[in-house]
Amino acid sequence: MIPKFEKLTSRAVPLPIENIDTDQIIPARFLKATERKGFGDNLFRDWRYDEEGRPVADFPLNNNCRFGGEILVAGRNFGCGSSREHAAWALFDYGFRVVVSSFFADIFRGNALNNGLLPLTVSDGFLAAMLTEIAANNNAKFEVDLEAQTITILSTRQSESFEIDAYKKKCLLGGLDDVDYLVTLAPEIKDFENGKLKLEN
Amino acid sequence: MGKTIIDKIWDAHTVRTEDGGRSVLYIDRQYIHEVTSPVAFAGLERRGIVVARPAQTTATADHNIPTVNQHLPIEEEQGRRQVEALTENCARYGVELFGVGHPRQGIVHIIGPEQGFTQPGMTIICGDSHTSTHGAMGAVAFGVGTSEVEMALASQCIIQSKPRTMRITMNGRPAEGVEAKDLILYLISRISTSGGTGYFIEFAGEAIRGLSMEGRMTVCNMAIECGARGGIVAPDDVTFEYLKGRPEAPKGAEWNAAVERWRRLASDPDAVFDREYTFDASRIQPMITWGTNPGEGIAINGRIPASADRKALAYMGFRSGEKLLGKPIDYVFVGSCTNGRIEDLRLFARLVEGRRKADGVTVWIVPGSKEVERMAREEGLERIFNAAGMELRQPGCSACLAMNADKVPAGKYCVSTSNRNFEGRQGPGSRTLLSGVAVAAAAAVTGRIADPRHCEE
């Protein structure tokens, strides 16, 4: 019951800053909803808008040429800090389907995978190549093929394969949900509990 | 080959292993709070399922609640709705709730150990990254997202890959005036905010063993700030002494059996960690951060590195190569799941006793729990604070993440005993300098960044 991840060709939005923490992705004051919707409006709120709520001209999300890009290309250690899943929700709600970085923080990576947002780890070299391509051509397109586990810069056909664990790949491709799966394991979990109790007593 | 304590606990809780190696991990206890649980409960409702093990779930309200006038309804509407949703969900699914005003309420990572819910050998999760705090009790504890909160509510399990293991050994004894917070700020400054990513850390060595339970919690609390999933300290007499007699701790014969079991809970002598670091704790000085991530820390009397990140410097209004000592500050925050325990308030009280808060400085002293608040009153700490022109507030996460009204205004400097100095963390435009309790006390009475070892009048 998560959105299925389809093969994707898209422009990309560059954000070549390192250590982007989840407080920047979505500040704490916007975590007060009791429903999971509308978080995209406040994505990167304090970098994207000034104190008066006006768009900051040189922030990449405010650049017309970037609108519609489904791939965010960010510096290393993306998503560090708070475990707020709202960060993944905000990115997805805004329209991103892939975040490319050379290194992801653990909890963010897990949260993204659980929401149909692909955290795609590339080499530092490939990350640099993507950023160069975007700088040279606003309209540069990239292809992400999860089935084949490859990402390609279409204009140059430069391609790199990426890793993802088999279970999470299956979930993303099939739109499968961990909760539904875990509920089917109830009898096995019950047996496990009984065995564990015996060990402790 | 021997096993690490992390592997031992993880393996003992693995129900099954999926293709690709992910574990279906059994969770002994889940803590929930008002901010990261509503969407998980909504998920249960949508699926038409219930909380699988309500007795293994503990709830409290902490993140967005006010720290004054807690007897009144929460004024801010969205925050109030989140607390109401938590109350309704707990009633509906039979989860025990320590709501605002309850004598057992407090920051989730303070009350877990304090009430004896957190015990050695357990697996523990919470939708909050500082769940690593509970590792100080010898548990495998880590923060998760809301999807995983829902998984554990629905099945008492989550699905995660087993972390790699790291051991950080801190040899030697910290010098007088150096506290647990300084150890962990030093560590993060050395290995960076991503040095622990992918790992679960065992903290070991004389300096760690010599810490109180509260100090160990401060260290494990910030394991996440170097990117680690969690930190753990093998249980010992300090752990058992702390836990014994707490409301949820085993009693009588059960207690003896449990201690017997817990004593065996340690890394085997021949266990191999995926990564090892060793540091000399005797050389560590009181620490403070100058930048916008917890790895950007220096000794209190040190200089900002020449290689300092320019974006961080611009945000903080500092220059590379300069000292922080003597710079004026505007706010001091003592509290949070990092330094909001009774020991922290006792230290702060000892250091400000007989002195006065500096003019123009706002000092927020926020106890981590109702129990800490009660003790601070009964022990006379509140009288000391008041005599110094400071006020003891009511428990909550407060200015650590500024979800409530405790916000540092844009451009103002706050010396904070909390865990994150990210841009805007304590309010839009706020500038946070992380430190231990002693540096915060020195700042409160001098109005400046001061070395607590040399700030007598």
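So, salt bridges: between chain B and chain A the count is nine, where a salt bridge is a side-chain nitrogen of Lys or Arg within 4 Å of a carboxyl oxygen of Asp or Glu. In one of them, the side chains of D106(A) and R229(B) meet at 3.6 Å, N to O.

Quick housekeeping: this is a predicted model, where local features need pLDDT of at least 70 and side-chain atom pairs count only at pLDDT 80 or more, while totals for chains, interfaces and linings use all residues. Residues are numbered from 1 along each chain as its sequence is written, chains are lettered from A and ligands numbered from 1 in the order in which they are written, and side-chain values use heavy atoms, with hydrogens and water left out.

Okay, the interface. Chain B brings 62 residues to the contact and chain A brings 53, contact meaning heavy atoms within 4.5 Å. About 4,600 Å² is buried between the two chains, and carbon and sulfur atoms give 58% of that. Buried area here is the accessible area (1.4 Å probe) that two parts lose on being put together, summed over both.

What does the side of chain B that touches chain A look like by class? You get 21 nonpolar, 22 polar and 19 charged residues. For the classes, Ala, Val, Leu, Ile, Met, Phe, Trp, Tyr, Cys and Pro count as nonpolar, Asp, Glu, Lys and Arg as charged, and the others, Gly among them, as polar.

Now the pockets. A pocket, on a 1 Å grid over the protein atoms alone, is an open set of points where a 1.4 Å probe fits, with protein on both sides within 12 Å along at least five of seven lines; lining residues have an atom within 4 Å of a point. Volume is the space filled by probe spheres set on the points, which are joined across faces, edges and corners.

The largest pocket holds about 1,100 Å³. It is lined by 32 residues, and K196(A), E200(A), D28(B), G121(B) and R261(B) are the closest to its centre. Helix α8(A) gives the largest share of that lining, seven residues; helices (H or I, at least four residues) are DSSP runs, numbered from the N terminus.

The second largest pocket holds about 780 Å³. Closest to its centre, out of 29 lining residues, are D106(A), R109(A), L113(A), R22(B) and S161(B). You'll remember D106(A) from the salt bridge with R229(B). And which element gives the largest share of this lining? That's α4(A), with five residues.

Terms used. Helices (H or I, at least four residues) and strands (E, at least two) are DSSP runs, numbered from the N terminus.
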